[in-house]
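Please consult the sequence and the structure shown below while reading.

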Amino acid sequence: MKNQLLLLIAIAFALKVGAQQTVIIPNENDSRVITTGMPFTLIAPDARAAGMGDMGVATSVDAFSQQWNSSKYVFSEAKSGISLSYTPYLKKLVNDIGVGYVSYFNRLDERSAFATSFKYFGLGDIELTDNSGNLLETVKPNELAFDVSYALRLSDQFAMSVAMRYLRSDLRLNYDESIDASAANTFGVDISGYYQSEEEAYADFNGRWRMGFALQNIGPKFKYDEGGSDNFQPTNLRLGAGFDFIFDDYNKIAVTAEVAKLLVPTPPMYGDEYNYTDNNNNGVYDEDVDELGTRVNQNVIYKGKSDDVDFLSGMFQSFGDAPGGFSEELKEFTYSLGAEYVYQDSFALRTGYFNESEEKGARKFFTLGAGLKANVVNIDLAYLFSASKVQSPLDSTLRFSITLNIGSGEYREY
């Protein structure tokens, strides 16, 4: 009986050695940069935010707050305001691509405000020709967003806001009548909050704290055509904090820091699945020992999670689905540092820095800016210097924006 048992064990061991198993061989150079549809919504439209490293969720209120954090409007000292800006895009290559932006806000009373804005991204003129080079027509691809927000002051220092947004992307070229070239349409929601402390006395100056958050572009996936794939909106989380150094009635320095993260799933790492003979019987494929067999599957997930999920699942999944683990999740955060010096509430100088991981887009740049206030009109300028091997589309671009404040000084907040 004992000899028969040993024989059975020996046979089982012999069968296990050299058993066929499968292994996934990862594809090389898999990009894990997160991409979305309609990324133009994240382009900073105003020169003030652009001059401080593309930030605005926790800076003090201005007419362009609709882009960053609409809950700030209930802290405006002006009754209402209108803003207008234009940002050239890819200026080094072309001269007819740019982002136009207009917004309006109105404080309804001491505790509430509403605002609306319109953003237009024009990609210039594109000429369609036949095979002989004859001009057929000229098209103008474009994208746009229109939104409305309502902000409510929940306490003397804290407010929240909700914004509804309509988005339209008309990028397809109608060169073939058999192809659906209609524009893509969808909607999104923003939820934001803003805290601003009372002015406090310190040893050599007075000070005030600012904090803000914004969840932007929360909405369903969309398609550019009927047979195409689903695209995520650029759902984005912004968190920021800042402090105002108030030295006297004439001089103030505001410093602010902001972090942001796309709440969109990270693309997984893909690979091909093969049979292999486990010659050393350790359950792991060893390239120098085991024998690789035939391919049984192509483009299967090697690491990470499937990104074929709905937008709500994608938002929660985005915090823990990076194939590289926690260290890669941290690389998906961008950060900005900015400072603003204001003299007598009439002149401002600004500077900032923006950073993004090399593996997630490699945007890195320094910014400079200035602002001038004359009566009810604010004029702001900003300039960007790229600090990365991958140059920003806005490198060496002068940005300009203007604001008209109506009923300036009607409310006292400071």
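How do the residues of the lining of the largest cavity divide into nonpolar, polar and charged? They divide into three nonpolar, six polar and four charged. In this classification, Ala, Val, Leu, Ile, Met, Phe, Trp, Tyr, Cys and Pro count as nonpolar, Asp, Glu, Lys and Arg as charged, and the others, Gly among them, as polar.

## Basis of the report

The model is predicted: local features require pLDDT of at least 70, side-chain atom pairs count only at pLDDT 80 or more, and totals for chains, interfaces and linings use all residues. Residues are numbered from 1 along each chain as its sequence is written, and side-chain values use heavy atoms, with hydrogens and water left out.

## Overall organisation

The protein chain has five helices and 20 strands; helices (H or I, at least four residues) and strands (E, at least two) are DSSP runs, numbered from the N terminus. Of the 414 residues in the chain, 45% are buried. Buried means under 20% relative accessible area, exposed means over 50%, and partly exposed lies in between, with a 1.4 Å probe and protein chains only.

Among contacts with a separation of 6 or more, 61% join residues 24 or more positions apart; a contact means heavy atoms within 4.5 Å.

## Cavities

Rolling a probe the size of a water molecule over the atoms shows where empty space is left. A cavity is a set of points, on a 1 Å grid over the protein atoms alone, where a 1.4 Å probe fits but cannot get out, and its lining residues have an atom within 4 Å of a point. Grid points are joined across faces, edges and corners, and a volume is the space filled by probe spheres set on the points. By this rule there are four cavities of 30 Å³ or more. The largest cavity holds about 110 Å³ of space. It is lined by 13 residues, of which T41, Q67, D147, R165 and N217 are the closest to its centre. Two or more lining residues come from each of helix 3 (65–68), strand 4 (112–122), strand 7 (142–153) and strand 11 (206–218).

The second largest cavity contains about 60 Å³. Its lining consists of Q66, Q67, W68, N69, S70, A163, D190, I191, S192, A214 and Q216. Helix 3, strand 9 (184–196) and strand 11 each give two or more residues to this lining. By class, the lining has four nonpolar, six polar and one charged residues.

## Aromatic rings and charges

A pair of aromatic rings is described by the distance of the centres and the angle of the planes. Rings of Phe, Tyr and Trp (its six-membered ring) pair if their centres lie within 6.5 Å; planes under 30 degrees apart count as stacked, over 60 as edge-to-face and the rest as tilted. The whole structure contains 19 aromatic pairs. One of them is the edge-to-face pair of Y104 and F114, with 6.2 Å from centre to centre and 65 degrees between the planes. Y104 lies in strand 3 (residues 98–107) and F114 in strand 4, ten residues apart. Y104 is partly exposed at 27% relative accessibility, and F114 is partly exposed at 30%. The ring centres of Y383 and F385 are 4.9 Å apart and the planes stand at 70 degrees, so this pair is edge-to-face.

Ring pairs also link Y202, F205, W209, F243, F245 and F247 into a cluster. A charge sits over a ring if NZ of Lys or CZ of Arg is within 6 Å of the ring centre and within 35 degrees of the ring normal. K221 lies over the face of F232 at 4.5 Å from the ring centre, and K261 lies over the face of F319 at 5.5 Å.

## Selected residues

T334 belongs to strand 16 (residues 333–343). With a relative accessible area of 10%, T334 is buried. Beyond its neighbours within four places in sequence, T334 contacts E258, V259, A260, F354, N355, E356 and R363.

N375 occupies the loop between strand 18 (364–374) and strand 19 (377–386), and it is exposed, with a relative accessible area of 73%. S396 lies in the loop between strand 19 and strand 20 (398–406) and is partly exposed at 31%.

Technical notes. On a 1 Å grid over the protein atoms alone, a cavity is a set of points where a 1.4 Å probe fits but cannot get out, and a pocket is an open set with protein on both sides within 12 Å along at least five of seven lines; lining residues have an atom within 4 Å of a point.
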